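Please open the model in your viewer and keep the selection panel at hand. The stops below are to be taken in order.

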Amino acid sequence: MITIRKWRESDAPIGEAIGSIGVTFKEDVYRKNAEIGYFIGEKYWGKGYIKQAINLIVQFIFENFDVERVYAEPYADNIASRRALEQCGFTCEATLRQNVFKNNKLLNSCIYGILRQEYLEGKTKRL
Ligand SMILES: CC(C)(COP(=O)(O)OP(=O)(O)OC[C@H]1O[C@@H](n2cnc3c(N)ncnc32)[C@H](O)[C@@H]1OP(=O)(O)O)[C@@H](O)C(=O)NCCC(=O)NCCS
């Protein structure tokens, strides 16, 4: 798990933790996959920080581990997360219907993935 810290501009002290991003390496037949998960503190939404963090962790994973696919599973109604993934070069591979049961509601989720080949072709931004 990596803590995302503020590093420029003036709305938070430099170095303050503003969010977190983590990776889970899958096992057995899924061992060439890594799943990422993240959040940004609400005060810092809408500033593009998560895109920088996603780009950085994708680069870190492909440069350091024997992984061929990085993916995330946002809820279908999480437009900010989906848009951030798309802007980082991820493709929406599937919508999983009613696979989440949260607050007494059935929700859809989506699978977004990026392949090593796509990373090498420059689909995500190198930092
Ligand atoms: C998901 C999350 C990290 C996004 O953070 P954020 O700071 O809002 O993200 P960004 O500012 O980079 O926004 C991403 C994009 O979505 C767009 N967006 C955000 N809300 C939107 C909405 N309701 N409708 C359309 N577009 C929207 C933004 O405009 C931006 O696109 P742009 O760069 O073209 O303008 C943040 O909302 C969060 O932490 N949520 C709670 C935890 C969570 O959902 N984690 C993800 C689990 S998969």
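The tour passes from the sheet to a hairpin, then to a helix and finally to the ligand.

Residues are numbered from 1 along each chain as its sequence is written. The model is predicted: local features need pLDDT of at least 70 and side-chain atom pairs count only at pLDDT 80 or more, whereas totals for chains, interfaces and linings use all residues.

**The sheet.** Begin by displaying the strands; strands (E, at least two residues) and helices (H or I, at least four residues) are DSSP runs, numbered from the N terminus. Six strands form an open sheet in the order 1-2-3-4-6-5, with mixed pairing; two strands pair if DSSP finds at least two bridges between them. Strand 1 (2–5) and strand 5 are the edges, and each has a single partner strand, so one side of each lacks a neighbour in the sheet. From one strand to the next, the twist averages 25 degrees, taken between N-to-C directions of lines fitted to C-alpha atoms, on a scale from 0 to 180 degrees.

Select strand 3 and strand 4 next. They run parallel and are joined by 3 bridges. Here glutamate 35 stands opposite tyrosine 71 in strand 4.

**The hairpin.** Move to strand 5 (residues 91–102) and strand 6 (residues 105–115), which pair in the antiparallel sense over 8 bridges. Threonine 91 stands opposite glycine 113 in strand 6. Between the two strands of this hairpin lie 2 residues, and asparagine 103 takes a positive phi near 50 degrees. How many of the 12 residues of strand 5 are buried? The count is 0, so defined that a buried residue has 20 or more other C-beta atoms, placed from the backbone, within 10 Å of its own.

**Helix 2.** Select residues 79–87, which make up helix 2. Ser81, Ala84 and Leu85 are buried in this helix. These residues lie on the same side of helix 2 because they cover an arc of only 100 degrees around the axis, the arc being that of the directions from the helix axis to the C-beta atoms. The buried residues of helix 2 pack against helix 1, strand 4 (69–72) and strand 6, where contact requires C-beta atoms, placed from the backbone, within 7 Å. Glycine 89, which follows helix 2, has a positive phi near 95 degrees.

**The ligand.** Finally, select the ligand and the 20 residues around it, of which Phe39, Trp45, Ala80, Ser81 and Arg83 come nearest. Strand 3 (33–40), helix 1 (49–64) and helix 2 each supply at least two residues of this shell. Helix 2 gives the largest share, 6 residues.

Terms used: A residue is near a molecule or strand if its C-beta atom, placed from the backbone, lies within 6 Å of it. Two residues are in contact if their C-beta atoms, placed from the backbone, lie within 7 Å.
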